[in-house]
Amino acid sequence: MFERNIFAKKVGDIGCYLKIGCVGPSTKAPCPYTRWNGYIKWPIGVNSPCIGCSSKDFPNYTLFKEDEV
């Protein structure tokens, strides 16, 4: 979805979660290739945002962005 510029507005929407807190592109992890659970699943593949668990900065950032009131 990222490559096609389709972005989700909230968790649960279909689309890239980058604009609401996904850190997949900046994590630089091999998850899309190695996958988890016997090489079957990975967060983005099941419509879940990447929390960057393999990032050197994990967990020193906000996981989900919130609208300012």
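**View 1. Six residues, Ala-8, Tyr-17, Ile-20, Cys-22, Val-23 and Cys-50, form the largest nonpolar core.** A nonpolar core is a set of buried Ala, Val, Leu, Ile, Met, Phe, Trp, Tyr and Cys residues joined through side-chain atoms within 4.5 Å. Buried means under 20% relative accessible area, exposed over 50%, and partly exposed in between (1.4 Å probe, protein chains only). This is a predicted model, in which local features need pLDDT of at least 70 and side-chain atom pairs count only at pLDDT 80 or more, while totals for chains, interfaces and linings use all residues. Residues are numbered from 1 along each chain as its sequence is written, and side-chain values use heavy atoms, with hydrogens and water left out.

View 2. With a relative accessible area of 7%, Cys-22 is buried. Setting aside neighbours within four places in sequence, Cys-22 is in contact (heavy atoms within 4.5 Å) with Tyr-17, Ile-44, Pro-49 and Cys-50.

View 3. Cys-53 is in no disulfide either: its nearest cysteine sulfur, that of Cys-31, is 5.9 Å away. Cys-53 is partly exposed, with a relative accessible area of 45%.

**View 4. Thr-27 sits in helix 1, which covers residues 24–27.** The protein chain has two helices and zero strands, where helices (H or I, at least four residues) and strands (E, at least two) are DSSP runs numbered from the N terminus. Is Thr-27 buried or exposed? Its relative accessible area is 9%, so Thr-27 is buried. A polar atom of the Thr-27 side chain lies 2.7 Å from the backbone oxygen of Val-23. Not counting residues up to four places away in sequence, Thr-27 also touches Cys-50, Gly-52, Ser-54 and Ser-55.

**View 5. Lys-10 and Asp-13 join their side chains in a salt bridge.** A salt bridge is a side-chain nitrogen of Lys or Arg within 4 Å of a carboxyl oxygen of Asp or Glu. Side chains of opposite charge can pair when their charged atoms come close. In this pair, the distance from N to O is 2.9 Å. The structure holds one salt bridge, and Lys-10 is exposed, with a relative accessible area of 51%.

Key. Disulfide = S-S within 2.5 Å. Polar contact = N/O pair within 3.5 Å; in protein donor to acceptor, adjacent residues only side chain to side chain.
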